[in-house]
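Okay, thanks for coming, everyone. Let me put today's structure up on the screen, and then we'll walk through it together.

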Protein chains: 4
Amino acid sequence: MGKPEIAKLGYVALVTADLEKSLYFFREVIGLEVTEEVDGVYYLRAWGDFQHHTLSLEQGDRGYVRHIGWRTKSKEDVLLFKNNLEQASVDVEFIEAWDTPGIGEAIRFKLPSQHTFELYFDITRPEVEEHRKSVLKNQTYKSWAKGISPRRFDHVNIHTSTDVDQTYSFLENVLGFKMREFLRDDDGSVLAGWMSVTPLVHDVAVLSKPNLPTPARLHHISYWTDDSQDILRAADILRENGIEFIGPGKHGITQAMYLYVMDPGSGCRVELFTGGYLIFEPDWEPIEWTMKERAIGNTYWGDSVQDKEANKITIEA
Amino acid sequence: MGKPEIAKLGYVALVTADLEKSLYFFREVIGLEVTEEVDGVYYLRAWGDFQHHTLSLEQGDRGYVRHIGWRTKSKEDVLLFKNNLEQASVDVEFIEAWDTPGIGEAIRFKLPSQHTFELYFDITRPEVEEHRKSVLKNQTYKSWAKGISPRRFDHVNIHTSTDVDQTYSFLENVLGFKMREFLRDDDGSVLAGWMSVTPLVHDVAVLSKPNLPTPARLHHISYWTDDSQDILRAADILRENGIEFIGPGKHGITQAMYLYVMDPGSGCRVELFTGGYLIFEPDWEPIEWTMKERAIGNTYWGDSVQDKEANKITIEA
Amino acid sequence: MGKPEIAKLGYVALVTADLEKSLYFFREVIGLEVTEEVDGVYYLRAWGDFQHHTLSLEQGDRGYVRHIGWRTKSKEDVLLFKNNLEQASVDVEFIEAWDTPGIGEAIRFKLPSQHTFELYFDITRPEVEEHRKSVLKNQTYKSWAKGISPRRFDHVNIHTSTDVDQTYSFLENVLGFKMREFLRDDDGSVLAGWMSVTPLVHDVAVLSKPNLPTPARLHHISYWTDDSQDILRAADILRENGIEFIGPGKHGITQAMYLYVMDPGSGCRVELFTGGYLIFEPDWEPIEWTMKERAIGNTYWGDSVQDKEANKITIEA
Amino acid sequence: MGKPEIAKLGYVALVTADLEKSLYFFREVIGLEVTEEVDGVYYLRAWGDFQHHTLSLEQGDRGYVRHIGWRTKSKEDVLLFKNNLEQASVDVEFIEAWDTPGIGEAIRFKLPSQHTFELYFDITRPEVEEHRKSVLKNQTYKSWAKGISPRRFDHVNIHTSTDVDQTYSFLENVLGFKMREFLRDDDGSVLAGWMSVTPLVHDVAVLSKPNLPTPARLHHISYWTDDSQDILRAADILRENGIEFIGPGKHGITQAMYLYVMDPGSGCRVELFTGGYLIFEPDWEPIEWTMKERAIGNTYWGDSVQDKEANKITIEA
C-alpha cells in the first residue's frame, strides 16, 4: 500500500463575530461567489475554484479559524493518513461524510503547532446556475462579476508559539510537505518556512512567533489574481471602500506581489497575491534566507510588510 | 518498486539551418540567456529556469527538433522507464551521462506519434556569473535584461499524422500523463489533447493532422511570461524588429493568453504565453470541446489562430 | 476680440431603439454612471468625467446620434462662433440655456459632412451622492464600481459620403481643429483624418465613405481606460456577457489599444481605448499614411479592424 | 498683438559630477536614447519624445540643474515674453540661436523662486538612424530597446525657500500657468502647487521648503510610461541593478502612479510616472488639499513618499 498524499489546500472554515460584515467583505469587496448557504453557514469560492467551497463563513462570538481543510490524492488516502497519524500518537477525529456540506468523509487532528487540519477526498462540484456560469467550459463562474475578483484560493500563513521545528518535521514526515524557502535566525533556528505539496512555492507558511495570545494563530489566507495589474486595481477598490490595507508590494521570498487586507467581520487577514514562481524540480534545495537578507525577502519593493502594527494582528486558529 | 514518474518538461534539442539567426532571435529578441556553448551547441534558458538549459541550438542542414527532454522524479525512474518501455516493445536508446552537456544518463525512444522523447534525471545547475545573477536567491538570472524576457519554459505542442489515439494512450499509460482538455471531432474521434504530468493544464499538446510532410512535426515550444501586459510588450518588440507573429489573443482551451512567433533560423514556432489555470484536483474530468465550440476554444478573443496560413507551417520533430 | 476656441469634446446625444437594452449596456457592461434622468432621458458619464454628462440616452424609433456637443473655452466663444458661422453662411440654431439638462446656452449647426455639432460653454458639475463619490477629491465617482469602468470620454469617429475635404477645411478654419494624422489614397485624396483641438491625437476622426445609406454616420464613440490591461479585462467581461466585439488590438495610427463593441440597443459602436500619445508641439506636422501603410496604420497588432463586416455597420448621425 | 504662451515643458539642462555614471543610469537603466553628443554634452530623449532632446547631460564639479527649458507656442512668443518680463523688471538673458545644440533663439531668466527658466520656440527634429527608428511613423525611436524605457518627458518638481506665493503668481500672471491642485497649510498658506500650461495635471510642481541649502532646488524630473505595469517592471529592473528607490505607489494628488530613483552621477531624482488624469475643462477649479488630507494626497497607496530621508535630498537648481 502506497504512502498517502495530500493533493492541495482545500478550504478554511472561518468563524466571524459579524457575519453580515464578513459576507459584505468577501462577496462585494473581494468578489467571491456563494455556492450555497446551509443552516446559516455560507460556502464561498472564487470564480476559478473548482470544488464546492474554499471558504466557509459562520457567525460566532469571535473571529477564529475552526480548521484548515486539505484534499488528499485519493479516497483511500484519508484512512491511510488516519492510520499513520494514530501510529504517530496523534488524536484523530473522524467526520462523517457530508457533515460539512459538500465534503465527504474526513479526519481532523492538531498539528504540533496546535492548528487543526482536516483531510478529505470527496467533495462535490455543484452545478452553477446558468446566469452565473462562465462561458468557458474550464471555468466555474463568470470572471470579473464583482469587486476585486481573484481567480482562486492559494495558500494559508499560520503562526505558532510552540517549537516550530516540530511542525516543520510533522508537515514533512507525516503529511508529505516539502520545504521550499525558509528564514534562518542568527542563532541557527528557523523562524519561518514556506512549504508545499504542489509546485506552488507554498501551500502553507509556518512562522515561529514566541509571544502569541494563544499557541495557534492565522496570519492570512490568500487568493490569487492573474495579473499584477489586478493587485493595483484591488488597492483602488479598497481605498474607495474605505478599507485599510498593507501593500501593494513584492516579496523576495516566493517572488509574489501582495496586498494584505483584513475582513472587518472576523479579523481574518486576506492576502491578494500574484506572480511568484512554480517549483517542478523534484530535488529542489530549500532556499535559505538569513536575517540580513530578511528585509529584501519580506519586501523586495513596495509598501513594506515589516514592522507594521496592523501586520501583527492575527486571529486564533 | 514504485511506478516511475515524469516530473516536468525539460528541454527541446533544436537544430537550425541558420545558427546565427536563431541565436539572435532567441537571445536578443526573445531574451533567453546562454548557459554555455559546447562544441558549437548553444545551451539556453530563461531567467527563471532553474536547470542547465531548456533549449539547445545547433547548426544543421535544416531546422528540426532532435528530441524533447523530460525530467523524471528520481534517478531510479530513468531505468524503471527503460524497463517498462522495453516490456512494451519500444526501442530504447541509452545515452551516457554528460554526453549532452549538463544532462546525466538518459534514455531516448519514439512515441507512436514518431516524436523522440528523452528521459533523464540528473541535470546540473551551473553557477551564474556575478553580473548576470539575480539579486533574488530564488531566481537564476536578472530579469528584464533583454528583449521579451519570459520567465520560464512552459510546454510543447506537437502534431502527428499517425493514429493519435495511440499516442494519447501511450502518454497516459506508459508515461503517466493525464488528459486535461481535448477537442472531439463530430465523428467522435479526438483531434487534439492537452496533457500534463504537472498541475499546468498542459506540458504537451498532441494534435492529429492527417496530411503532414513527415509523421512527426512540432507546432511550437512555449515560454511563459508573468503578466498579460508582457505579451502586449512582446508584440511591440516584435513589430519593432520587423518579425511577423500571430496574436495576441486568449485561448478558451487552457485560458492562456498567447502570441506565436517563428524563429527565422530554424522555423521553430515559439508561443509566448501567460495566464491559464492550474489543476490541483486529483480527479480532474477532462474538459471536452466539440467542433461547434472549437472557435472559442482556439480563440476566446484577439487575433485568431485559426485558418492562418502561417500557423500551418511546422518543423520536423 | 479674439478668435473663439473649442476646449474639448463634450457629449453625444444618442437616441436608441431600445432604451432598456442601452441602459443595461452602458451602465452594467461599460460601467458608466447615471448623473440623472430627466423626462425619460438618461444622462451618463464615466467615473473620471468632470461635467454633467458625456452621453445622453433617449428612446426613439431607431438608433441615431442627435448631435455631438463640444465645450468652448469661454462663454463668449459660443456667440463668437455663432457670428463666424453665420458669416460663413452656415445655418445656426440657438438653444436656450438648460433646454438640455446640465447645458447652458448653446448653438447647433451642420458640418459639410452633415453631422450636427453643438457648442456650449456652461455646464453644471452636479454634486455626487456620498456613497457614489470617490474618496479622491480630484475624481468624480468611485472607480471600478461596475463592469469595464473606463475613466473618461475620449473621442468620436464619424463617416461621411460628402466631399470630406470640405469638412477637414471647415474643422480647421472655422472650428480651429488641427490635422494630426491622415490616410492618403493612391490618387492623392485624403480618406481619413484624425483631428484635435486638444493634445489628444484626435478628438474627432472623419472618414470618407462614398456609399453610405445616409450622408452622415457615426462609426464610434470612445471611452478611455488607464491601462492596456483594462482592455483585456473588458474583452473577458464582454465574452462573459455574450456580447460580440472586435479587438483587442493596437492601432498604428494614434498608437492606441482598442476594442470595439456595439450597444445592442442603439447600434452605436463604442471603442474602449488606451495608450496612444499626446501632441504638445505647436508646429506638429500631420503624419501621412499611404495605402501601402494602411494595414499597419489600422492594426499594428491584434485582432484586425479591417474588412470585418461588423465594422461596417454605422448609425445615422 | 496676442499674449505669448508656453506650449510645453521642453528639457532640463543637467550638470553631473560623474558623467559616466549618469550616462549609464539614463541610457542603460532608464533607457533614454542619445540624440547626439556635442563638445562633451550629451543630448537625450525618450523614444516617444519628438524634439531634439528633453535632457542634456554635462560634466561639472557637482550635480545641479543649469536651467529648465520650455517651448513657446510660436517663434514670436519668445520675444513677446522677453518684453513682458523686462516690463516686469525681470533680468532676461538672450541666447543666440543654436548656442545650445538643437535649440533656436532663446531667453533665460530667474523665477522669484530663483530657478532659471529658458523659453525657446525653434528646436530641431533630427532624423533618426534607420536601425533605431521606430516602424511607427508617429514615433521617434523603437520602443523597449533598453532598460525601463519610458515614453516621454512629463514634468519637473521644484522646491524653493523663497516666498512661494510670488512664484505661483509669477507662473500664473507672467507665464500663463494654471493652478490645478494645491496643498494648503493649517495657517492658510499654500505649501505646494501643481501647475500646468497643458491639460496635464502639472507641467511643474512648486513646493515651499523653508530650510534649503540654497534657495532653488529640484526635487525631480519625470518621465512617463504607458502602463502601471511598466512601473512595476521598473522596480524589478532597479533592484536587479542594485539601485535604491522609493515606490511604487499612487499619489492622491494628480492620481499618478510613481517610482522615485536617483541618478547616481548627478543626484538628480527621476520620477517614473503613469496614470493620472487630463484637465480639458477651461474653468477648472483648483483642487485644495488640507494638511489632514495630505497623507492620502501624497500616497493614495503603496510605498509612502512621505518622511523618507532619501526623499529630502535635492539638487541645486
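Quick one to start: are W70(B) and F117(B) buried or exposed? Both W70(B) and F117(B) are buried, where buried means under 20% relative accessible area, exposed over 50% and partly exposed in between, with a 1.4 Å probe and protein chains only.

Some housekeeping. This is a predicted model, so local features need pLDDT of at least 70 and side-chain atom pairs count only at pLDDT 80 or more, while totals for chains, interfaces and linings use all residues. Residues are numbered from 1 along each chain as its sequence is written, chains are lettered from A and ligands numbered from 1 in the order written, and side-chain values use heavy atoms, leaving out hydrogens and water.

Now, rings. There are 40 aromatic pairs over all chains; Phe, Tyr and Trp rings (the six-membered one for Trp) pair if their centres lie within 6.5 Å, with planes under 30 degrees apart called stacked, over 60 edge-to-face and the rest tilted. Take F50(A) and W284(B): their ring centres are 4.8 Å apart and their planes sit at 80 degrees, so that's an edge-to-face pair. F50(A) is in the loop between β3 (41-45) and β4 (55-59) of chain A, and W284(B) is in the loop between β16 (269-275) and β17 (287-290) of chain B, so this pair joins two chains. Strands here are DSSP runs (E, at least two residues), as helices are (H or I, at least four), numbered from the N terminus. F50(A) counts as buried at 7% relative accessibility, and W284(B) does too, at 8%. Back to our opening residues: the rings of W70(B) and F117(B) have centres 5.2 Å apart and planes at 35 degrees, so they're tilted. W70(B) is in strand β5 (residues 64-72) and F117(B) in strand β8 (residues 116-120), both of chain B, so the pair ties together parts 47 residues apart in sequence.

Chain A superposes on chain B by a rotation of 180 degrees with 0.0 Å of shift along the axis, RMSD 0.0 Å, fitted by least squares on C-alpha atoms of residues with pLDDT of at least 70 in both. That's the relation of a two-fold axis. Which residue of chain A comes closest to the rotation axis? D227(A), with its C-alpha at 2.7 Å.
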